[in-house]
Amino acid sequence: MLCNRLLSQRLSGLCRLAGPQIAAPALVCRHFSQSVLARDSEPFIIPKMQFETPMAKPEEKRPNVMKVIEREAIVRADVDGRSKLFVRRAAPKDRMCAGDIVQVETINSVSNPSLTSSFTGVCIAIYRRGIDTSFILRNIVQKVGVEVRYMAYSPLLKRIEILQKAQRGTLFKMAKLDIYLARHGQTAANAAGVLQGSSINPPLNELGRRQANALANAMKDEQLDWIVTSGLDRAIETANTVAKYHKSTPFLSDSRLNEISWGEQDGVNISEAKAVVDKVAHGWMNGDFDAKIAGGESANEAKARILEAFTDILKVARERNYRKIAVCIHGRIMRVIMGTLVSKDLSKMHHFPHTNCCYHQIRVELDDDAESAVDPEQLTFEPIRIDVRDHLADLGKL
């Protein structure tokens with residue numbers, strides 16, 4: 001009983017110390033034993049603090065520091081309002097467009113800003129990359145000639161002036177893109193006459209490595225901007241051999257460029273699989289592009305992934321202003337590519353012969369607008385050289 005009274009006194013003292021912040025008692029605690037209840041049934045009170053619950057502040061979205069820095073850099077560099085020329089959503093009359101005739105004035109000497117030179121040309125590409133935004137002008141007299149790339153916010157670029165807006169329907173082209181489609185070197189499966197589809201993945205044999213070296217020597221003087229290969233070892237090994245003469249050239253492996261799948265005939269000797277393969281191949285020649293071996297791939301299915309891959313390849317080539325790229329692939333998929341891109345007819349894919357480490361050179365022109373879509377089926381791919389194999393002449397049987 002004494003304990004209870006002492007506790008009540010202490011609690012009362014606490015309430016007085018807390019002052020007006022203590023509201024009416026909210027919790028009643030009773031004794032815990034029947035014996036105590038019998039002696040003292042009066043409950044004691046524990047007051048509950050009734051502070052107002054502070055409202056939670058909404059989480060503030062943190063700004064992207066890099067974007068803030070970039071915006072501030074653009075504001076500092078935008079001394080003459082040129083940023084308006086590169087606003088993507090602005091009306092065509094208010095922004096720079098492909099086909100516009102543009103004059104730029106550049107500062108030739110940092111120590112003497114009054115020493116300037118001017119260049120007038122047709123805008124053939126615009127790359128909107130924030131503070132790194134740039135555009136390419138082509139000589140106004142020659143539609144294929146001098147091309148100059150300017151950084152829009154460079155302090156050395158004194159003035160940008162649009163002299164004439166592009167006329168509706170005017171289309172300028174970028175410099176031509178050359179694509180070298182090369183087949184991989186020989187493998188043991190090739191030498192043994194085994195049908196080698198996408199599920200067969202052997203490395204090059206000795207002759208195959210010699211062929212790859214010959215291909216590399218044939219292409220070492222080409223200024224390759226990009227080397228692309230399928231995801232299979234024989235193509236990657238061949239492409240890596242080519243790349244030894246192009247050490248700074250970007251390298252990409254893309255499984256969408258893999259050889260066609262021959263299904264249950266993959267790994268079977270060609271003499272045994274001949275009847276089945278010939279039946280499918282004749283179907284393709286006669287327009288049945290959905291024909292395929294059990295468990296394998298049809299010409300239409302191969303075409304679909306090839307178009308998807310080349311759409312991405314061409315987008316990158318246009319964006320980076322590439323001029324020459326090498327694509328290391330396989331025999332049948334090479335025919336699908338040629339039938340799809342060059343002939344525009346898969347039934348003519350057999351018109352393009354090939355051997356290990358030969359190559360086809362094809363050429364395409366891309367739209368000048370770096371923001372527009374790329375559709376390989378709507379582009380014209382010009383065959384420049386077909387089945388080039390001179391570099392393999394001294395290597396023995398192919």
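Arg159 and Glu161 are joined by a salt bridge in this predicted model, with 2.7 Å between their closest N and O atoms. A salt bridge here is a side-chain nitrogen of Lys or Arg within 4 Å of a carboxyl oxygen of Asp or Glu. Both partners are partly exposed, Arg159 with a relative accessible area of 26% and Glu161 with 34%. The accessibility classes are buried (under 20% relative accessible area), exposed (over 50%) and partly exposed (in between), computed with a 1.4 Å probe on protein chains only.

The model is predicted, so local features need pLDDT of at least 70 and side-chain atom pairs count only at pLDDT 80 or more, while totals for chains, interfaces and linings use all residues. Residues are numbered from 1 along each chain as its sequence is written, and side-chain values use heavy atoms, leaving out hydrogens and water.

**Salt bridges**

The structure holds 20 salt bridges by this rule. Three of them are set out below.

| Salt bridge | N to O distance |
|---|---|
| Arg159 and Glu161 | 2.7 Å |
| Asp100 and Lys165 | 2.8 Å |
| Asp254 and Arg256 | 2.8 Å |

The bridge between Asp100 and Lys165 ties together parts that are 65 residues apart in sequence, because Asp100 lies in the loop between helix H3 (65–77) and strand S3 (101–107), and Lys165 in the loop between strand S7 (157–164) and strand S8 (177–183). Helices (H or I, at least four residues) and strands (E, at least two) are DSSP runs numbered from the N terminus. Asp100 is buried at a relative accessible area of 0%, whereas Lys165 is partly exposed at 30%.

Asp254, the partner of Arg256, is buried at 9% relative accessible area. Through salt bridges with shared partners, Asp254, Arg256, Glu308 and Asp312 form one network.

**Overall architecture**

The protein chain contains nine helices and 13 strands. Of its 398 residues, 43% are buried.

**Packing and surface**

Helix H6 (residues 233–243) has Arg234, Ala235, Thr238, Ala239, Thr241, Val242 and Ala243 as its buried residues. These pack against S8, helix H5 (206–219), strand S9 (226–229), strand S10 (251–253) and strand S11 (324–329).

In strand S3, Thr106 is buried, at 18% relative accessibility. Leaving aside residues up to four places away in sequence, Thr106 is in contact with Leu115, Thr116, Ser117, Tyr150, Leu156, Leu157 and Lys158.

Val65 belongs to helix H3 and is exposed, with a relative accessible area of 55%.

**Aromatic pairs**

Seven aromatic pairs are found in the whole structure. Rings of Phe, Tyr and Trp (its six-membered ring) pair if their centres lie within 6.5 Å; planes under 30 degrees apart count as stacked, over 60 as edge-to-face and the rest as tilted. Trp226 and Tyr322 make a tilted pair, 5.8 Å centre to centre with 50° between the planes. Trp226 lies in strand S9 and Tyr322 in the loop between helix H8 (299–319) and S11, so this pair ties together parts that are 96 residues apart in sequence. Trp226 is buried at 5% relative accessibility, and Tyr322 is buried at 10%. Elsewhere, ring pairs link Phe86, Phe119, Phe135, Tyr150 and Tyr153 into a cluster.

**Cysteines**

The model has zero disulfides, a disulfide being a pair of cysteine sulfur atoms within 2.5 Å. The sulfur of Cys97 has its closest cysteine sulfur in Cys123, 8.1 Å away and too far for a bond; Cys97 is buried at 15% relative accessible area. Cys358 is likewise in no disulfide, the nearest cysteine sulfur being that of Cys357 at 8.3 Å. Cys358 is buried, at 0% relative accessibility.

Notes
Contact = heavy atoms within 4.5 Å.
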